[in-house]
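The sequence and structure are shown first.

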Amino acid sequence: MIAVVNYGMGNLRSVQKAFEHVGAKAVIVDRPEDIDAADRVVLPGVGAFGDAMNNLKTEGLIAPIVRAISEGRPFLGICLGLQLMFAESEEMGQHRGLDILPGKVKRFPEGQRVPQIGWNEVRIQRETALLDGVPDRSYFYFVHSFFVASERDEDVVGVTDYGIDYASIAGNDRAFGVQFHPEKSQDAGLKILKNFAEKV
Amino acid sequence: MLARRIIPCLDVKNGRNVRGVKFSADKDAGDPIELAKRYDAEGADELVFYDITASAEKRDIVAELVRRVSEEVFIPFTVGGGVRTYYDIRTIIEGGAEKASINSAAIHTPEIITQGAESFGSQAIVGSIDAIRRSNPDQIEDVCWEVVINGGRTYTGRDALEWAEELVDLGAGELVLNSIDADGTKDGYDIELNRMVAERVDVPIVASGGAGGPEDMYAVLSEGKASAALAASIFHYSQYSIVEVKTYLAERGVPVRPKIEIDLT
């Protein structure tokens, strides 16, 4: 079972429907024990980093998420979910993240329209089961004002150019995050969700 | 590089029929979901559903349409047409649409834009402007545009460029500019209108009204500085496919999302 974590940060229905469309069963959950019981965990989300961490903390969801990852159960962060995987964010003050990956969440530099909204390319940096059958330079649908600056090059799985090159897919082994919305990125996005459900 | 977007627009009545679709032996030709799936497969970057139902059940009909679309189509979509209240916006966004498009209601109750943006983010709130050309009383040579509402029946006396700025200040994350003069003519978009608004505001501009072919889309995405081009009839009547339009644009250096084949089985 894939657990899609609901912590009050946006609509999760599209993520659930997209998994169903590729033949995977996904359940929206909001209790720690549901995360502990899941084979795979998805952390979606849109909104502010600080609010998201507060909600996760209040609901007691941080420990089960970290536990799932440390036990090697496949994990996928989507959009804000990717950003939360990193150590800290400078979005409206300093906030601590889940600290699964070393690095920081930063705001796009001046000179670009923020948020970035629309379809942009991902240049694949290394092979991984998550991206099986996904062509290099496929386009995905993005909506975000902040990006992740990874400390370790080996955690950068995909790179996108929006004034600067930044990590649009990050992770290692079995815990990944994507900055774009795979559930709204047509076949390229659906393929990633299918890979996550079946191959990661 | 961020791609320019091609957006088919579907005017939907009672959640079941798309206006302006050619009748044929295929009984599903006018079904919004079937049409949406076709455009999705052809490489549409986004879809706009404009609900033209006028009945007491409107909100339920829209909710049902949004639910059906979000189960079948995995690209972003916008819903507009008679969006008047915060609850209308919530129905649309919580149902699975990316954006709600607000037109006449923003003139009457501008705070709906701010309320929507505060609850769902600016990216979820589209300000839609119907504009008609006027000769400018101050500068004889120049044109200006007046905002019209209620499907073009009511003149507001408001300057469209100023209204565009105000909508962005209120919280709109994107603007659709529909030229009433160009609408239905197939003579091309109002390039000047799009360019002048795009130079004034920082949010993406979606050009609407007047698309006759790929050359019009090229013009409004280059000279007109629009981020996206919306069209209805040229796609509904299969006059041009989205692939043809994108090929034309790509050959002229406009960044577009190419159609790719991915095996999902």
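In chain B, Asn14(B) lies in the loop that runs between strand S1 (5-13) and strand S2 (17-18). The model is a predicted one, and the values below are computed from it. Asn14(B) is not a glycine, yet its phi is positive, at about 55 degrees. With a relative accessibility of 42%, Asn14(B) counts as partly exposed, because that value falls between the 20% and 50% cut-offs.

Asn150(B) also has a positive phi without being a glycine, again of about 55 degrees. A relative accessible area of 26% makes Asn150(B) partly exposed. As background, most residues other than glycine have a negative phi, and most peptide bonds are trans.

Chain A contributes a backbone feature of another kind. The peptide bond that joins Val114(A) and Pro115(A) is cis, with omega at about 0 degrees. Pro115(A) is placed in the loop between strand S7 (101-107) and S8 of chain A.

**Chain B as a whole**

The fold of chain B comprises 10 helices and 11 strands. Its C-alpha trace spans about 60 × 45 × 35 Å along the principal axes. For 265 residues, a compact globule would have a radius of gyration near 18 Å, and the 18 Å of chain B agrees with this. Of the 265 residues in chain B, 55% are buried. Where contacts in chain B join residues at least 6 apart in sequence, 63% of them link residues at least 24 apart.

Arg5(B) belongs to strand S1 of chain B. Is this residue, Arg5(B), buried or exposed? Its relative accessible area is 3%, so Arg5(B) is buried, the cut-off being under 20%. The side chain of Arg5(B) takes part in polar contacts with two glutamate side chains, as tabulated here.

| Side chain | Partner side chain | Polar contact distance |
|---|---|---|
| Arg5(B) | Glu46(B) | 2.7 Å |
| Arg5(B) | Glu174(B) | 3.0 Å |

Leaving aside residues up to four places away in sequence, Arg5(B) touches several others in chain B, including Asp45(B), Lys99(B), Pro204(B) and Ser227(B). Arg5(B) also touches Trp119(A) of the other chain.

**The contact between the chains**

The size of an interface is often given as the accessible area lost when the parts come together. Chain A and chain B bury about 2800 Å² between them, and 58% of this area is on carbon and sulfur atoms. Trp119(A), together with Lys184(A) and Gln186(A), supplies 25% of the area that chain A buries against chain B, more than any other three residues. The contact draws on 30 residues from chain A and 35 residues from chain B.

Between the two chains there are 3 salt bridges. One salt bridge pairs Lys17(A) with Glu71(B), whose closest N and O atoms are 3.6 Å apart. On the side of chain A that touches chain B, the elements giving two or more residues are helix H1 (13-21), strand S8 (116-124), strand S9 (138-144), strand S11 (156-162) and helix H6 (186-198). The residues on that side of chain A divide into 10 nonpolar, 10 polar and 10 charged.

Methods:
Residues numbered from 1 in each chain as written. Chains lettered and ligands numbered in written order. Predicted model: local features only at pLDDT ≥ 70, side-chain atom pairs only at ≥ 80, totals over all residues. Heavy atoms only, no water. Contact = heavy atoms within 4.5 Å. Buried area = accessible area lost by both parts, 1.4 Å probe. Salt bridge = Lys/Arg side-chain N within 4 Å of Asp/Glu carboxyl O. Helix = DSSP H or I, 4+ residues; strand = E, 2+ residues; numbered from the N terminus. Nonpolar A, V, L, I, M, F, W, Y, C, P; charged D, E, K, R; others polar. Rg over C-alpha atoms; globule rule 2.2 N^0.38 Å. Buried < 20%, exposed > 50% of the residue type's maximum accessible area, 1.4 Å probe, protein only. Polar contact = N/O pair within 3.5 Å; in protein donor to acceptor, adjacent residues only side chain to side chain.
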